[in-house]
Amino acid sequence: MRVKISTEVKFSIGLILIALLPVVVLFYPLHEEFEYTGNIVPVQELGIDGSVHFTYVNTGVTEKLLDKLLLLLAEEDIQFYPISSDEYEAYSSYQEDMNVFKEMTIANAVVQSDPEEADLDAFEKRINEIMAEASQYYGDSLGLMVAIGLVEEANQWNFSEEKSFTIAGTGTINSDRTIGEVGGIRYKLLAAEQNEVDFFFVPKNVDENDGYLSNQEEAYKVGDEENLSMMIVPVSNLDEAISFLKNVQEFNLN
Amino acid sequence: MDLSSKSVGKVLRIFLFIAIGLNVIGLFNSYFLAFHTEFFVQYFVTFEQFTSLFFTLILIILYILYLVWLFKVHKDLRKLNPEYPTTPGGALARVIIPFYNLYGMWNVYSRMAGYFEEKQATEKFGNKLSRYIPFYYFLFFISNGLNQYISRGTVSGVANLDKVWLVSYAVDLALVIFFTLIASAVTPALQTLAKMEETQQSEEVI
């Protein structure tokens with residue numbers, strides 16, 4: 001039996017297809033990692049009685065073309081990096097790993113900020129408190145600034161001289177007090193510049209022959225390109241950072 | 001007499017039913033967003049984005065079809081009665097122009113209802129239309145207000161828009177249903193008038 005379709009129905013089907021086509025195109029799978037400027041956050045937001053700030057950038061993975069277009073519309077300065085389907089599949093487990101790294105860097109920060117304290121229960125309690133407050137932040141790059149904040153808290157210091165300076169930075173902290181490299185240096189520096197940061201700590205590492213751009217090298221490069229007004233301070237361990245901040249304090253007093 | 005609004009009326013009707021379907025889906029989506037947010041985020045986000053984007057494009061087509069239909073309905077009314085007071089262009093102006101449509105929207109449909117009520121054959125359609133107009137009129141402006149509130153709230157980051165979204169979908173659904181009822185009253189009324197016109201002409205020929 002042959003079904004006769006009226007002109008109106010044919011026309012309607014055509015119009016429905018016209019509406020459906022762009023939607024299908026916009027939902028075409030597109031896996032790209034993106035990164036754009038975040039903000040600086042006082043360590044006080046993590047329940048630490050310190051005056052310094054940690055920095056975050058906004059990162060994630062697009063699932064479809066529409067995600068990319070919406071991000072491009074919403075953010076002026078955003079970068080996309082194509083990723084393979086394997087990398088996309090691994091992304092969620094990578095996020096879970098990052099949570100473990102975050103707990104490790106916070107644990108190191110708590111222990112290294114007051115290494116003479118021997119109460120393991122007190123350490124664990126503090127780590128859990130900071131982890132709970134930091135739950136909305138992804139990654140382990142807050143370690144150094146958490147450690148500086150905890151040093152301020154333990155010694156009742158205030159390195160920002162009651163907000164005369166804005167101090168921010170990025171870097172993980174290891175169990176030997178050394179500072180580890182992180183990602184997103186460019187956008188962290190831009191976020192710091194937007195917030196009129198005076199001193200910005202980055203992990204120290206300069207080896208021009210190793211074939212890759214270290215955090216320190218990238219920070220100086222971005223500083224030149226963007227004509228940043230802050231002082232970029234590379235540090236290789238927690239003591240260097242504390243010593244620098246003490247010198248700034250002394251210089252300011254004199 | 002051939003009605004110029006007949007074909008577009010049929011297409012409009014198809015799109016109205018599609019819009020009702022998509023609106024019901026949107027209502028379910030916004031219910032889950034408002035009251036079962038975690039479940040929504042886990043299972044419904046992509047589906048909701050797909051359907052709401054498709055719905056938006058369907059609504060744009062529906063709006064164009066509506067304007068064409070309204071224009072042609074008034075063209076038919078003027079053909080049936082050259083004294084009919086609203087011109088096709090005037091009808092469009094009454095529903096499109098902001099603020100003027102506060103008066104115009106009511107005027108267009110109430111005039112049509114009054115015209116149908118004058119004639120015995122189309123009186124019941126006119127009565128139906130008269131009953132639907134107040135609902136359509138108020139729902140139209142409530143829907144516009146809610147949509148503007150949501151747009152501004154989304155841009156400025158107003159919290160708890162989820163429940164407003166749910167109410168907006170419910171109002172939109174009622175609005176589309178009332179418009180479908182309006183179209184369902186206007187089309188047969190015009191067809192009846194066209195038939196009467198044909199009968200009169202053939203009587204004159206005899």
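In chain B, 66% of the contacts with a separation of 6 or more are between residues 24 or more positions apart; two residues are in contact if their C-beta atoms, placed from the backbone, lie within 7 Å. This is a predicted model, where local features need pLDDT of at least 70, side-chain atom pairs count only at pLDDT 80 or more, and totals for chains, interfaces and linings use all residues. Residues are numbered from 1 along each chain as its sequence is written, while chains are lettered from A and ligands numbered from 1 in the order in which they are written.

Let's stay with chain B for a moment. It has 7 helices and 0 strands (DSSP runs numbered from the N terminus, with H or I over at least four residues for helices and E over at least two for strands).

Residues 12–33 of chain B are 100% helix, with end C-alpha atoms 30 Å apart. Residues 53–71 of chain B are 100% helix too, and there the ends lie 28 Å apart.

So where do the two chains meet? Here 12 residues of chain B are in contact with 11 residues of chain A. On the chain B side, helix 1 (6–35) and helix 3 (45–80) each supply at least two residues, and helix 3 gives the most, with 7. That side divides into 9 nonpolar, 2 polar and 1 charged (Ala, Val, Leu, Ile, Met, Phe, Trp, Tyr, Cys and Pro count as nonpolar, Asp, Glu, Lys and Arg as charged, and the others, Gly among them, as polar).

Over in chain A, look for an open sheet of 6 strands in the order 3-1-2-4-7-8, with mixed pairing; two strands pair if DSSP finds at least two bridges between them. Its edges are strand 3 (78–82) and strand 8 (231–235) of chain A, each pairing on one side only. Strand 1 (residues 32–42) of chain A pairs with strand 3 of chain A in the antiparallel sense over 5 bridges, and A:Glu32 stands opposite A:Pro82 in strand 3.
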